[in-house]
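These are my notebook entries on a structure that I went through site by site.

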Amino acid sequence: MNIAAPQTIYLSDYMAPGWLVESVHLTFKLVPESTRVISRIAFTPNPDAPPQPFMLHGEELKLISAAIDGVAVSPDLTATGLTCAVPDGAFIWEAEVEIAPAKNTALEGLYMSNGMYCTQCEAEGFRKITYYPDRPDVMGVFTVRIESDLPVLLSNGNPAAAGAGWAEWHDPWPKPAYLFALVAGDLVAHNDSFTTMEGRDVDLNIWVRAADLDKCAFGMGALKRSMVWDEQVYGRAYDLDVFNIVAVDDFNMGAMENKGLNIFNSSAVLAKQSTSTDADFQRIEAIIAHEYFHNWTGNRITCRDWFQLCLKEGLTVFRDQSFTGDLHGHAVKRIEDALVMRNRQFQEDAGPLAHPVRPESFVEINNFYTVTVYEKGAELVGMLKRLVGDDGYRAALDLYFTRHDGQAATIEDWLTAFTEATGRDLTQFKRWYAQAGTPRLTVTDDFKNGTYRLHIAQQTLATPGQPDKLPLHIPVAVGLLDITGAEVVPTTLLELTEAQQTFTFDGLASKPVPSILRNFSAPVIVERDVTQAEQAFLLTHDTDPFNRWDAGRSLGQAVLLDMIASGGDLDAAYIDGLRAALTDSTLDPAMRALLLAMPSEADLAIALAGQGQIPDPDAIHQTRRKAHRQLAMALANDIPPVLASVQIDAPFAPDADQGGRRALSNSLLALLIWSDNGNAAQAQFDSADNMTQQLAALSILLAHGAGDTAAQAFYDQWHHDRLVLNKWFAVQISAAQPQDAVAVATHLTQHPNFEWKNPNRFRSVIGALTGNQAGFHHADGAGYDFVADWLIKLDPVNPQTTARMVAGFDSMRRWDDARRAKMHSALTRIKDTPGLSRDTSEMVTRLLS
Ligand code: BES
Ligand code: ZN
């Protein structure tokens with residue numbers, strides 16, 4: 001927490017560690033308020049490092065004793081670590097410290113959750129467990145002994161020995177401290193096994209409290225699918241005898257890839273039909289895959305320093321996205337990923353928190369686990385793959401794995417592997433890692449004598465600390481259609497490298513319609529004067545499913561913006577386009593549901609701001625509601641037959657086909673309520689045998705002011721289930737009307753089940769409010785004050801979760817003066833809170849800058 005003035009760390013200051021760790025032995029004597037940690041570390045001087053004093057990180061530790069080569073020493077202690085005189089050569093460091101896991105509410109280091117001990121060490125939590133060089137480029141072989149009466153005692157690697165009240169674990173793979181993990185609790189395992197392509201038998205376990213044992217089967221299946229996929233697609237097999245996953249209720253993030261012992265937020269692993277939505281199932285499968293894939297991209301090859309975070313996170317997100325696409329279909333997955341980029345990453349890039357995929361400085365690294373590092377980082381991997389081709393990509397990855405296995409690597413190492421494996425010069429491409437902001441492509445065209453020319457200009461606006469931008473190397477996938485809708489030029493990858501460039505297509509009979517940035521081939525904004533007629537044409541004819549959807553989305557945006565400006569009615573041609581999509585049985589239901597979705601309120605606000613206007617959140621909300629009602633009336637006769645056609649006759653399965661059918665029928669249910677008094681929604685609520693349908697029905701009823709009875713019934717049915725209760729809290733706020741949202745949220749914070757120190761529960765209320773645009777930004781400013789009050793309260797308890805949630809104020813610059821002033825004063829109130837954590841203070845400072 002905030003002791004000294006916060007220090008800024010710079011990438012350019014990187015210095016190799018003075019000492020390396022050969023081996024670590026740790027003994028934990030677990031006691032809730034006085035755990036003893038005994039460490040024995042073999043250090044050797046690093047021949048490649050400049051001279052420097054010997055320093056170990058350590059925070060909030062009570063040092064009991066320390067010795068070097070068996071002789072007691074008295075190190076100099078500071079708030080962040082210790083220094084000590086050490087011998088010239090190799091030596092053995094021994095120390096004993098005391099810590100209090102039961103008092104650790106920050107959920108970083110060793111802490112307790114429901115009577116169970118667990119750890120979270122990434123990024124810099126290990127220093128709250130013992131004195132250690134807590135940096136990712138120091139990799140050691142860990143042996144761990146746990147002493148406790150609790151029945152299940154786990155750590156990284158393979159089990160070595162165990163007896164009554166103790167267990168020992170040995171991890172043969174050298175690792176940085178951030179991958180250390182320990183769990184002790186009264187747990188049971190859902191067990192399975194897997195034989196790797198190398199013939200290694202692996203024991204698989206998902207450890208949970210006994211009551212959750214019926215929620216493990218799906219996660220186990222997802223784990224096995226991930227193991228198979230990484231073998232088949234990347235040639236990478238698992239490398240230990242056991243793979244353990246543990247579900248924890250109190251967890252700041254989704255999950256953590258500790259070597260051989262992944263720790264999961266229970267919301268990111270536990271699932272069953274009656275309690276989990278299709279979205280939950282899909283997220284859980286992706287997170288399990290993500291953490292498993294880190295075993296190679298993160299653990300076997302880790303990061304030299306935290307500035308290289310995208311090296312493991314961007315790559316691993318790219319891998320989990322590919323996995324999901326391979327299993328469930330690439331078109332829908334690409335649309336979902338592009339929506340995250342456009343709705344969240346482009347936002348971050350356009351606001352006060354903008355930073356490069358590889359930042360150059362930070363105060364608190366926890367604040368840089370962002371959608372830019374993760375999702376834009378993944379897009380950079382995707383662009384590299386597009387530029388070098390599938391075979392080139394595989395060759396580059398093979399070289400990267402061979403060359404850097406067991407190392408802590410950099411983005412330079414990564415790009416060098418691509419250059420050497422494929423011969424491509426990536427000097428210009430590297431700018432993507434250093435330059436923040438979203439490039440805007442301005443596209444114009446002309447046609448003469450059979451020759452079609454596309455002129456593309458690129459420009460990136462200034463971001464904090466980066467006034468001047470250089471042109472990037474951008475892969476732009478383009479196809480051309482003729483006026484009958486036939487594709488005359490199939491998808492072609494143009495490489496834009498200049499500020500302005502012209503691309504020529506010869507031998508065309510007539511001026512084609514261009515389909516630009518197919519499959520979202522680069523994380524950029526395309527600006528082109530397109531008529532609504534041309535968008536409607538692409539919505540019907542484009543052969544690229546992504547661009548087909550995107551044409552519908554742009555059309556919907558244009559139509560809604562017109563409505564906001566004119567106060568008029570929903571455009572008839574747009575309705576016809578949506579009707580065509582809805583009734584096109586050649587499209588799978590998931591795609592139809594996506595096509596049918598109108599732009600979100602946030603989309604519309606961003607679009608208005610992009611046109612230099614000041615959005616009115618209330619007008620956006622009312623207009624979108626009106627558009628939705630008019631669409632419902634217009635499609636009234638089309639809905640029943642489509643609903644009938646997507647009914648599911650088979651037993652429940654959380655698969656893409658059934659998920660798509662449920663998604664489409666829930667979209668239709670939301671339309672039906674405008675004309676049937678909620679009868680269909682209430683009937684679905686009453687009869688649902690799965691959470692997707694039950695929750696959607698509840699949400700629709702609540703959004704129409706007809707959900708009170710259902711909300712009470714939902715609570716009565718599910719109050720014993722923490723994960724479902726989170727949904728109950730969140731849905732009431734998400735579905736509330738603008739003028740009611742803060743009152744509903746305030747009321748819910750007074751509910752006996754509002755356990756605000758639990759990050760999931762806190763997010764279910766405070767996060768749901770910041771996600772309800774018109775409610776959070778209601779003109780009276782009550783939303784800002786409410787959220788600020790709660791963040792001020794949470795900060796001393798859990799700085800990491802507080803800091804992440806302050807980002808809800810990221811949109812400040814978009815709104816009118818009155819709202820901006822209210823947001824500013826709420827943020828200033830947070831900033832001026834005495835003793836504010838370093839985490840939150842960095843975020844508020846950036847937001848206010
Ligand atoms: N390594 C991270 C977990 C993490 C994040 C630890 C921040 C410390 C600070 C993990 O691999 C991760 O990225 N988890 C994501 C989910 C994933 C599917 C993107 C998460 O927790 O949200
Ligand atoms: Zn990750």
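**Zinc site.** I looked up the zinc ion (ligand 2) and found it coordinated by NE2 of His-290, NE2 of His-294 and OE atoms of Glu-313, at 1.9 to 2.7 Å; donors here are N, O and S atoms within 2.8 Å of the metal (3.2 Å for Na, K and Ca), and since water is not among the atoms, sites may look incomplete. Along the chain these donors follow the spacing H-x3-H-x18-E. I note that His-290 lies in helix H2 (residues 278-293) and Glu-313 in helix H3 (residues 309-328), so the pair ties together parts that are 23 residues apart in sequence; helices (H or I, at least four residues) and strands (E, at least two) are DSSP runs numbered from the N terminus. I found both His-290 and Glu-313 buried, where buried means under 20% relative accessible area, exposed over 50% and partly exposed in between, with a 1.4 Å probe and protein chains only.

**Conventions.** I keep in mind that the model is predicted, that local features need pLDDT of at least 70 and side-chain atom pairs pLDDT 80 or more, whereas totals for chains, interfaces and linings use all residues. Residues are numbered from 1 along each chain as its sequence is written, chains are lettered from A and ligands numbered from 1 in the order in which they are written, and side-chain values use heavy atoms, with hydrogens and water left out.

**Ligand 1.** I then asked which of the 15 residues around ligand 1 come nearest. They are Glu-122, Gly-254, Glu-257, Glu-291 and Tyr-374, a residue being near if one of its heavy atoms lies within 4 Å. For Gly-254, I recorded a backbone N or O atom 2.6 Å from an oxygen atom of ligand 1, and for Ala-255 a backbone N or O atom 3.1 Å from an oxygen atom of ligand 1. Glu-257 instead places a polar side-chain atom 2.7 Å from a nitrogen atom of ligand 1. The protein covers 88% of the 510 Å² of accessible area that ligand 1 has on its own, by the Shrake-Rupley method with a 1.4 Å probe. Strand E20 (255-256), H2 and H3 each give two or more residues to the shell, and H2 supplies the largest share, 3 residues.

**Glu-108.** I located Glu-108 in the loop between strand E9 (91-99) and strand E10 (109-113), and it is buried, with a relative accessible area of 11%. Its side chain makes a polar contact of 3.0 Å with the side chain of Lys-128 and another of 3.1 Å with that of Asn-366; a polar contact is a pair of N or O atoms within 3.5 Å, where within protein one must be able to donate a hydrogen and the other to accept it, and residues adjacent in sequence count only if both atoms are side-chain atoms.

**Backbone.** Most residues other than glycine have a negative phi, and most peptide bonds are trans. I found the peptide bond from Glu-122 to Ala-123 to be cis, with omega near 0 degrees, and Ala-123 sits in the loop between strand E11 (116-120) and strand E12 (140-147). Asn-114 has a positive phi near 50 degrees, and at 41% relative accessibility it counts as partly exposed. Leu-517 has a positive phi of about 60 degrees, but at 4% relative accessibility Leu-517 counts as buried.
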